[in-house]
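Here are my notes on this model, point by point. Please keep the coordinates open while you read.

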Amino acid sequence: MAAAGVDTCSIIFKVCAHTNFGDELVLVGESAALGDWDPRAKGVRLSTTPAEYPVWSTAPLKCSVGPSPLEYKYVRLLADGGTEWEVNGENRKLLANMSRESAKDVKSAQDFVVDDGRFGQVPVEMCGYPASTKLGEAQ
């Protein structure tokens, strides 16, 4: 059972990232579900397809969502063994700038999509929508 004020929901993270052949994209953050800031050993792998590229996405992740924002970043694992963290300094924050209506959507949706825009650019406001929303319906 989740702590008071904390709900568990299923979230799909999406980000637009141009990569080179052999590079991988992972999600890391401050929880075990988000890899505990360890991109190589525990980072959550994102995937893409030729039809979706350059948009990468995670499989649905079970995350605890509460009154405090959940902080995370995307990391590019380079084919040559290097690591490229996006945005030095500022972390992305889940629910930090989300409206109350969107927060209700997160808790009630079977899967919720967080559209994080572009790799390396932290948006001013988070964009998210229920996964059941058809293309063009999200606001």
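1. Along the sequence, the order of elements is β-β-β-β-β-β-β-β-α-β-β. That gives one helix and 10 strands. Bear in mind that the model is predicted.

2. Some totals for the chain. The protein has 139 residues, and 40% of them are buried. Its accessible surface is about 8,000 Å². Carbon and sulfur atoms hold 50% of that surface. Take the contacts with a separation of 6 or more: 65% of them involve residues 24 or more positions apart.

3. Next, the core. The largest nonpolar core has 20 residues. Which of them touch the most other members? They are Phe13, Leu27, Leu34, Tyr72 and Tyr74. At least two core residues come from each of strand 1 (7-16), strand 2 (24-29), strand 5 (61-65), strand 6 (70-77) and strand 9 (112-118). Strand 1 gives the largest share, with four residues. As background, nonpolar side chains in soluble globular proteins tend to be buried together.

4. Now the rings. A pair of aromatic rings is described by two quantities, the distance of the centres and the angle of the planes. The structure holds two such pairs. Phenylalanine 13 and tyrosine 72 form an edge-to-face pair, with 5.1 Å centre to centre and 65 degrees between the planes. This pair links distant parts of the chain. Phenylalanine 13 belongs to strand 1 and tyrosine 72 to strand 6, 59 residues apart.

5. Are the two partners buried or exposed? Phenylalanine 13 has 0% relative accessibility, so it counts as buried. Tyrosine 72 also has 0% relative accessibility and therefore counts as buried. Why is the pair of tyrosine 72 and tyrosine 74 edge-to-face? Their ring planes stand at 85 degrees, and the cut-off is over 60, so the pair is edge-to-face. The ring centres are 6.1 Å apart. Tyrosine 74 is buried, as is tyrosine 72.

6. Strand 6 deserves a point of its own. It is mostly covered, with seven of its eight residues buried. Strand 6 and strand 2 run antiparallel and are joined by six bridges. In that pairing, leucine 27 stands opposite tyrosine 74. Both residues are among those that touch the most other members of the core.

7. Leucine 77 stands opposite threonine 83 in strand 7.

8. The hairpin of strand 6 and strand 7 has five residues between the strands. Within this hairpin, glycine 81 takes a positive phi near 100 degrees.

9. Which ring lies under the charged end of arginine 76? That ring belongs to phenylalanine 119. The charged end of arginine 76 sits over the ring, 4.4 Å from its centre.

10. To sum up, follow tyrosine 72. This residue is buried. It is one of the core residues that touch the most other members.

Methods. Residues are numbered from 1 along each chain as its sequence is written. This is a predicted model: local features need pLDDT of at least 70, side-chain atom pairs count only at pLDDT 80 or more; totals for chains, interfaces and linings use all residues. Side-chain values use heavy atoms; hydrogens and water are left out. A nonpolar core is a set of buried Ala, Val, Leu, Ile, Met, Phe, Trp, Tyr and Cys residues joined through side-chain atoms within 4.5 Å. Buried means under 20% relative accessible area, exposed over 50%, partly exposed in between (1.4 Å probe, protein chains only). Rings of Phe, Tyr and Trp (its six-membered ring) pair if their centres lie within 6.5 Å; planes under 30 degrees apart count as stacked, over 60 as edge-to-face and the rest as tilted. A charge sits over a ring if NZ of Lys or CZ of Arg is within 6 Å of the ring centre and within 35 degrees of the ring normal. Two strands pair if DSSP finds at least two bridges between them. Contact means heavy atoms within 4.5 Å. Accessible areas come from the Shrake-Rupley method with a 1.4 Å probe; for residues, only the protein chains shown count as cover.
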